[in-house]
Every structure is written in C-alpha cells, then in structure tokens.
Amino acid sequence: MSNPSNLPACPQCTLENTYPDGNNYVCPDCGHEWPMTAAADAGDEVGGAIKDANGNPLTDGDTVILIKDLKVKGSSIVLKKGTKIKGIRLPDGAGDHEVDCKTDQGAFMLKAAFMKKA
C-alpha cells in the first residue's frame, strides 16, 4: 500500500502510515517522531552522510546496535534486536542497503534506518 498523501515513510520501521502532527511526522506503527524540516533536508541531500535511526552520521569502522529484529530474505536467519555489530563499512553505490557488516550469522548489507550508533 503506498502513501497517498506523499508523506515520507517512517525512517525507523519504513512503514508508510505516517501523519503530520504540528512540526513533526509521527509513525503510528512504531511511535517514532521526527521533525518535518529534517525530512525535507534529507530529501535534498545527494550522496550525503549515511545516518542511523537517530540521525547520527555513520562512518566506516563504527559499532552499531540493531533496533529491530530483521528477517533475512531467502533464509530462516533472524538478526535480533540489540545485536551489536562492530566495524561496519559504508560502500559506495550500495543502493538502499547502505551498511556492509559481518555478524555471527554471516555477512550482510543492511539499511542504516535499522541501527543506532553504539
């Protein structure tokens, strides 16, 4: 289901049920709130810094923590919420999965919106 009013999808859970509330967008699914101005600024960035779920910029070698259980497509593997991942890489031209990382379950490309900087 697409978002009929062209509001941005939630940067935390990526669902598209967001609604405006004052100067913020609100996601009713996960409860995340973020400022409308930051969402507009993020849309203007081309090749800008990759940011975690809290808006902190990520760099190569950072340690991050997953904020949500992530099911790995095509397998029965689930990366659990709270998993600490050390030494991430931010490869160029990775599409919508910006972070390259290694876990105990293997190497994965993940979206920065599902992690926070440790």
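Reader: Asp 96 is partly exposed; what is its relative accessible area?

Author: This is a predicted model in which local features need pLDDT of at least 70 and side-chain atom pairs count only at pLDDT 80 or more, while totals for chains, interfaces and linings use all residues. Residues are numbered from 1 along each chain as its sequence is written, and side-chain values use heavy atoms, with hydrogens and water left out. Buried means under 20% relative accessible area, exposed over 50%, and partly exposed in between (1.4 Å probe, protein chains only). For Asp 96 the relative accessible area is 45%.

Reader: Which residue meets Asp 96 in a salt bridge?

Author: A salt bridge is a side-chain nitrogen of Lys or Arg within 4 Å of a carboxyl oxygen of Asp or Glu. The N to O distance here is 3.7 Å, and the partner of Asp 96 is Lys 111.

Reader: How many residues apart in sequence are the parts that Asp 96 and Lys 111 tie together?

Author: Helices (H or I, at least four residues) and strands (E, at least two) are DSSP runs, numbered from the N terminus. Asp 96 lies in the loop between E7 and E8, and Lys 111 in the loop between strand E9 (106–110) and E10, so the parts tied together are apart in sequence by 15 residues.

Reader: What is the relative accessibility of Arg 89, whose side chain meets Asp 100 in a salt bridge?

Author: Arg 89 and Asp 100 meet at 2.9 Å, N to O. Arg 89 sits in the loop between strand E7 (84–85) and strand E8 (99–103), and Asp 100 in strand E8, 11 residues apart. Arg 89 counts as partly exposed, its relative accessibility being 46%.

Reader: Which strands stand at the edges of the open sheet of three strands?

Author: Two strands pair if DSSP finds at least two bridges between them. The order is E7-E4-E10, with antiparallel pairing. Each edge strand has a single partner, so one side of each is left without a neighbour in the sheet; the edge strands are E7 and E10.

Reader: Which residue in E7 is the bridge partner of Val 64?

Author: E4 and E7 pair in the antiparallel sense over two bridges. In E7, the bridge partner of Val 64 is Ile 85.
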